[in-house]
Structure formats: C-alpha cells, structure tokens
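Please read them with the model open.

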Amino acid sequence: METKMMNIKIEKAKTSKINQVDFNNLAFGNVFTDHMLVCDYKEGSWKVPEIIPYQPISLDPSAKIFHYGQSIFEGMKAYKDEKGDVFLFRPTDNCKRLNISAKRMAIPEIPEDYFMEGLMALLKLEKDWIPQTPGSSLYIRPFIFASGTGFHASPADEYKFIIAFAPSGAYFSGKVKVLIEEKYSRSANGGVGFAKAGGNYAGQFYPTQLALEKGYNQVIWTDDNTHEYIEEAGAMNIFVRINDTLLTAPTSDRILDGITRKSILKIAQDEGIAVEERKITVAEIIEAANNGSLKEMFGAGTAAVISPISTFGFRDVDYDLPELSDNYATMLKNRITDIQYNRAEDKFGWRVKL
Ligand code: PLP
Ligand code: COI
C-alpha cells in the first residue's frame, strides 16, 4: 500500500531481541518486537506519531486510565507469504472500529492516515519479526488510553495512541470447551459491549475464572435481559450450525462487530451455505443437540481465527459436538487463512500489501 509519509520520526533500538525468539514455538501475545509507535494527543490535537524502541511508559498516578478506565484497543494481524511478502487483512475496518470505540468512550478519534501510515511505517521496520511458521503471524495491538491527569471523573485532556507488535501462535491450543453463562452479563442495552473497551474484558475475567475452574476455556454470553439468547464469547463471535444452516447472532450495541465474523458470513454465502443472522435461543441449541441436528459450533476472531467448540456446558450438563469430516469450520478457516496468507485469490478485496 502506498503511504504519503508524514515524517514519522524513527529512533532505532540499539540492539535487536530477535535472535532470542524461538519462532517455531510461539505462544500468543507475550513476545514483543523491538519498536513501537507512539502518538500523543495534547492541546486538542493528535501530534505526529513517533517510532521508538519498545519500552515501558511512565504515567502520573492520577492518569485517568487508572481511575476511570478510558481505554480502547484493536486486534489485527500481519501475515507473510512464502515469498516473504507481507499482508494485512481489512486494516481500515480496524481503524474505523477503533474510532467507533473512541466515540463511545469519549476519547478523541485517531485520523485514519495516522493509523495507517503509522502502522505501515512500523511494519516496514519490524518486517523480519513476522513469522512464516504455519499458523503463526504478527499480532498487532493498536490502543488508545487516557494519559491526562486528575481525579475529576470526566474525560482526560491527554491521550496516547500506541501500536505494539507480538509475533504469535494460536490463541487456543486445541478445541474449545465453552460454558453458556446465565448469571453474569458482559454487556447491556445502551452499554459499551460493541466497543473494544478495556473494561469489557476486565468485567469478564471473574465469571470466566469461575468457568475455567469448572474446566471450560471460555464463557458464551447470553443477553442481559432474559439470558435466553446466545450473544458472543469473551474474545470471539459465535457461529452455530444446525443441519446445514449457519447461524450467528445479529450485532447490536451489546456485541462486537467482528471483522472475522463478517468475513465468514461473506465466504459462507459465497460457498452456497445457507446463512442466518438472527437471534439464537439456548433452548433451540439444546434441542438441536438432543435431536442430532446440532452439527457444529465455532468461535471466530482475529486472535482465535476459527476455533471449533468441542463441548458446551449449560446448567451443569455438558453437550458434546460431533466430529464431522466435512465440517464448515475447517473449510471456512482454510478459505479465510488462504486469503490472509496470500495463498488464494482475494475476490472480496480484503488484503492490503505492505
Ligand atoms: N468479540 C470479542 C468480544 C472480541 O474481543 C473479538 C476480538 O477481536 C471478537 C469478537 C472478534 O472480532 P474480530 O474478528 O474483529 O477480531
Ligand atoms: C482479537 O481477536 O484480536 C482480540 O482482540 C481478542 C483479544 C481479547 C485477545
């Protein structure tokens, strides 16, 4: 992608950590590259971003991020093909969603050219960190938080936009066991569930811990009003296959509008699969599990890619999903990753080359 550079200053790291990394055994999101992009919002405007060595940030103890949680983020990936060319997947959608989150959290929106040019400049510098090992990629974490100070409960006057990179492997190792949650809620009507706000994740940790203690990997959230409808999981949207129809909950102000979700819907339709975006009741999933028409459930997200669900739990009963050889999850995962890693034609125009 062409960028009309806006003179991003680059301070290079004195030494690189790259030789300390085992690219064949990458976990998710715990190794960071040599540099990061930092952009400050002060006196009513975003300043020119800078690239500096990856390092800790110093903040005033009264910075509003600590007290009032003004913090949003995105999750995206860079992929390297066999020739070493680098690609992003629908990156401007992440920028648009970051700004949707920003608006809801009273954070100033980041101009798209700052986001894209900053990201491209950092990616050029860190190209060697993008793994080529199968199933691995460079996880990209753009985020904005309130660095402005004061205990007054009102939006900060200063913010930081940072992009950090983490070469990463799979988010889940193996199949996922989920618990359908009826007591706690992730989000509510009129709330911030559609935003990628840090607090949405903090609020999930305790109920998810309780699920982990029972042997599950994730919670499937239900609507806060009746707890009768499934919504999404902690870090992914949820798909259900009943007979040959693929179902997913419609987005709302309680659900994150996942980029993987909407890509999967397009690919499934392109494959001639019957797709329905509609409210899905827990009762119909249980009925389908009992009468054999529930064929598959899987989660979809940038970090999780497509993660098949092996079992779901509800009211102390576990329901195992069948293992189909011609399952949608594998086919859809192959199709989306073939586009992401430049192994297939990009008929929807989603790929952006560095
Ligand atoms: N839902 C939640 C709560 C998430 O955190 C994510 C991850 O980003 C998703 C869904 C999937 O969204 P995307 O496909 O854009 O990564
Ligand atoms: C992503 O899929 O990129 C996410 O943001 C999920 C994250 C909570 C790990």
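1. A nitrogen atom of ligand 1 lies 2.5 Å from a side-chain N or O atom of E232. That is a polar contact (a pair of N or O atoms within 3.5 Å). An oxygen atom of the ligand is 2.5 Å from a side-chain N or O atom of Y201, and an oxygen atom is 2.6 Å from one of T302. Taken alone, ligand 1 exposes 380 Å², and the protein buries 97% of that (Shrake-Rupley areas, 1.4 Å probe).

2. This is a predicted model: local features need pLDDT of at least 70, side-chain atom pairs count only at pLDDT 80 or more, and totals for chains, interfaces and linings use all residues. Residues are numbered from 1 along each chain as its sequence is written, chains are lettered from A and ligands numbered from 1 in the order written, and side-chain values use heavy atoms, without hydrogens and water.

3. Ligand 1 has 17 residues around it (a heavy atom within 4 Å). R97, Y201, E232, T260 and T302 come nearest. By class, the shell has seven nonpolar, six polar and four charged residues. Strand β12 (229-233), helix α5 (259-270) and strand β17 (294-301) each give two or more residues to the shell (DSSP runs: helices of at least four residues, strands of at least two).

4. R241 is in strand β13 (residues 237-242). R241 counts as buried because its relative accessibility is 5% (buried means under 20%, with a 1.4 Å probe and protein chains only). A polar atom of the R241 side chain lies 3.0 Å from the backbone oxygen of N243.

Terms used. Polar contact = N/O pair within 3.5 Å; in protein donor to acceptor, adjacent residues only side chain to side chain. Nonpolar A, V, L, I, M, F, W, Y, C, P; charged D, E, K, R; others polar. Buried < 20%, exposed > 50% of the residue type's maximum accessible area, 1.4 Å probe, protein only.
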